[in-house]
Amino acid sequence: MGDRAPVLDEERSVAIPAAARSGAPRSGAGVRAGRGAGPASARPPGDRAGRGALPVPRGVPPRRATRPVPGQLPLPLEALPVLPLEPEWQGRPRLWGHAYHPMCSYLASFPAALAHGFVARYTRPGDVVLDPFSGRGTTPLQACAEGRIGVGNDLSPLAHLLTAAKVEPPTARALEARLAALRIAWSREAPAWDDRAAGLAGGGEPVPPDVALAFHPRTLGQVLFVRSSLRLADPADRFLAAAVAGILHGRRPGYLSGVMPNVFSMPPRYVRAYAARTGFRPPERELFALLAAKLHRLARDGRPSAPGIALFGDARDAGARARAALRGRALPDRVRLVLASPPYLRVVRYGSANWLRAWFLGFSAAAIDASLDAHRRGPYAAFLREVLAGLRPVLADDAVVALVLGDVDADGGRPTADGLPIGLADEVWESAARPEGYLLAGVVRDEVAAARKVTKLWGAEAGRATQVERILVLAVSEVGRRRAIAGAAVPVDWRWPPRR
Ligand SMILES: C[S@@+](CC[C@H](N)C(=O)[O-])C[C@H]1O[C@@H](n2cnc3c(N)ncnc32)[C@H](O)[C@@H]1O
């Protein structure tokens, strides 16, 4: 994805390491089985976009073949039209964008510069931008930072918390006051929490052994204190919780535990094996000092200039909930841009991949994994079709919808049987967007060099990562489709922070 240098930085967007992936079968199998057999292959080439009125500016080489369907010969598949929108986000510095973006690492997030490439082209200040799969909130935060109303939705409470911390942040004064109150309370209560961390005092929720293993006892006392003190419905507390989650673990001295990297939580059995093998002794880290440093970094750009909304729920009814929330705040209630990266075929287990952060925030990692299961049970395209159907009522007539979809060249970590990449963009267009009446403006190809991927760190897994992301750009009217095509050529100002 986007600007991903090979050096491990502890606060970054990353590709999906094997240890964080679901072992479940890919949900796309059922989707693929229908490709090439339906009406798409019978249509004239010019009708691929469901249109044919506007010239397609740039072509792509024909695809080799469809994936064979049992009982059928492989059929040639038309190429989707290319939208000539240069993926200039690739050349941006890694931490390009608002300082809140790297608040907490999150697997499979895209770079803020990618969000800017669409927000700047397809919206004006005051417009509403929606991401129904907001993850750590990249799209809505960047939208808010550019004066748009950013709305994020996610079904994971962790993602919701991270999005809310960024788009509904506290004032600097409220944050300062809350931090001061916490420090005072800590100075009073420290001995009791130290005893609890050292296992000398009972009472309260027992500390899971894998959590105790990760922290120095005095650091653990502070972590337990902050964990029990923060009330996540309060904006200041939520911001502090997200910031602590961001420094909870990482291999550098700025993190509270060095037992695992920052990007995701190693499975507990790996952590135990690592600790046993290396004789790991958690170094003592002072939570309030590290948190103050983190808050200082986060404060660089101030609060985003426009208000945002973080919603918690299923993407399939995100449109209706977004509209109700916008109306409830007397904000414009039609979305001009949707920019989202739906969960990939090779599904990340967002709960277990974040089990230590989930514990800190009081969420159940298993419950997160179970709740996100919905998109894995049914065919992927059927799920996205429901999502796109649910978005229709909230979209402005000239709205642009951009879906970031990976081409994956491996199936659950193994090469596919026929060696062909699995093009999600084709699947989603044919089986989800087109049947819902969307129009296709084109596909943006975002090459992701393997060398830039964090999966490099995982040795043999490096070559199995997504090599290409394709961004399916859709509209709901001819006006929107023309706007999407014309906007591709609009030059974008890449200065950050933007000149006023
Ligand atoms: C690829 S990540 C999105 C990352 C995001 N673009 C970012 O930059 O942080 C996909 C997200 O979809 C969420 N998700 C999975 N199934 C969902 C569903 N049924 N409804 C809403 N969100 C869902 C996951 O929790 C995850 O945060």
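**Group meeting: a walk through a predicted model**

Let me start with two helices, α3 and α4, which are roughly parallel to each other, because angles under 35 degrees count as such. The axes of helix α3, residues 138-145, and helix α4, residues 157-167, cross at roughly 5° and come within 9 Å. On the α3 side the residues that meet the partner are Pro140, Leu141 and Cys144, and on the α4 side they are Thr163, Lys166 and Val167. Sorted by class, that contact has four nonpolar residues, one polar and one charged.

The chain has a mean pLDDT of 82, with 75% of its residues at 70 or more. There is a stretch, residues 21-77, where the pLDDT is below 50, and in the model this stretch has 88 contacts beyond near neighbours in sequence. Residues 449-466 also have a pLDDT below 50, with 40 contacts beyond near neighbours in sequence. Please keep those two stretches in mind when you look at the picture.

Now the overall layout. The chain has 500 residues, and 50% of them count as buried. It has 17 helices and 12 strands. Of the contacts with a separation of 6 or more, 76% are between residues 24 or more positions apart.

Back to helix pairs. Two packed helices are described by the distance between their axes and the angle between them. What is the angle between the axes of α8 and α10? They cross at roughly 110°, and the axes come within 10 Å. The two helices are therefore roughly perpendicular to each other. From α8, which covers residues 235-246, the contact uses Ala243, Val244 and Gly246. From α10, residues 287-298, it uses Leu291, Lys294, Leu295 and Leu298. The classes here are five nonpolar, one polar and one charged.

Leu248 sits in the loop between α8 and α9, the latter being residues 268-278. Is Leu248 buried or exposed? Leu248 counts as buried, because it has 25 C-beta neighbours inside 10 Å. If we set aside neighbours within four places in sequence, Leu248 is in contact with Tyr255, Leu256 and Ser257, and also with Leu356, Arg357 and Phe360.

Next, a strand residue. Val473 is in strand β12, residues 468-475. Val473 has 28 C-beta neighbours inside 10 Å and so counts as buried. Beyond four places in sequence, its contacts are Leu83, Val400, Ala402, the run Ala441, Gly442, Val443 and Val444, and Ala484. Val473 is also 12 residues from Ile485 in sequence, and the C-alpha to C-alpha distance is 9.0 Å.

For a covered helix, look at α16, residues 424-433. How many of its residues are buried? The count is 10 of 10. Among them are Asp426 and Glu427, along with Val428 and Trp429.

Then the ligand. The model places 21 residues around the ligand, and the closest are Ser109, Phe133, Gly135, Thr138 and Ala315. Thr138 falls within α3, residues 138-145, the helix I began with. By class the shell has 11 nonpolar, seven polar and three charged residues.

Last, some backbone details. Most residues other than glycine have a negative phi, and most peptide bonds are trans. Ala108 has a positive phi, near 65°. Ala108 lies in the loop between β2, residues 106-107, and α2, residues 112-122. Ala108 counts as buried because it has 24 C-beta neighbours inside 10 Å. Ala330 also has a positive phi, near 55°, and is in the loop between α11, residues 318-328, and β6, residues 335-340. With 7 C-beta neighbours inside 10 Å, Ala330 counts as exposed.

Which residues does a cis peptide bond join? They are Trp496 and Pro497, with omega about -5°. Pro497 is in the segment after α17, residues 478-488. That is where I will stop.

Definitions and conventions. Residues numbered from 1 in each chain as written. Predicted model: local features only at pLDDT ≥ 70, side-chain atom pairs only at ≥ 80, totals over all residues. Buried ≥ 20, exposed ≤ 12 C-beta atoms within 10 Å, placed from the backbone. Helix = DSSP H or I, 4+ residues; strand = E, 2+ residues; numbered from the N terminus. Near = placed C-beta within 6 Å. Nonpolar A, V, L, I, M, F, W, Y, C, P; charged D, E, K, R; others polar. Contact = placed C-beta atoms within 7 Å. pLDDT = per-residue confidence, 0-100. Axes fitted to C-alpha atoms, helices over the stretch in contact; angles between N-to-C directions. Parallel < 35°, antiparallel > 145°, perpendicular 65-115°, else oblique.
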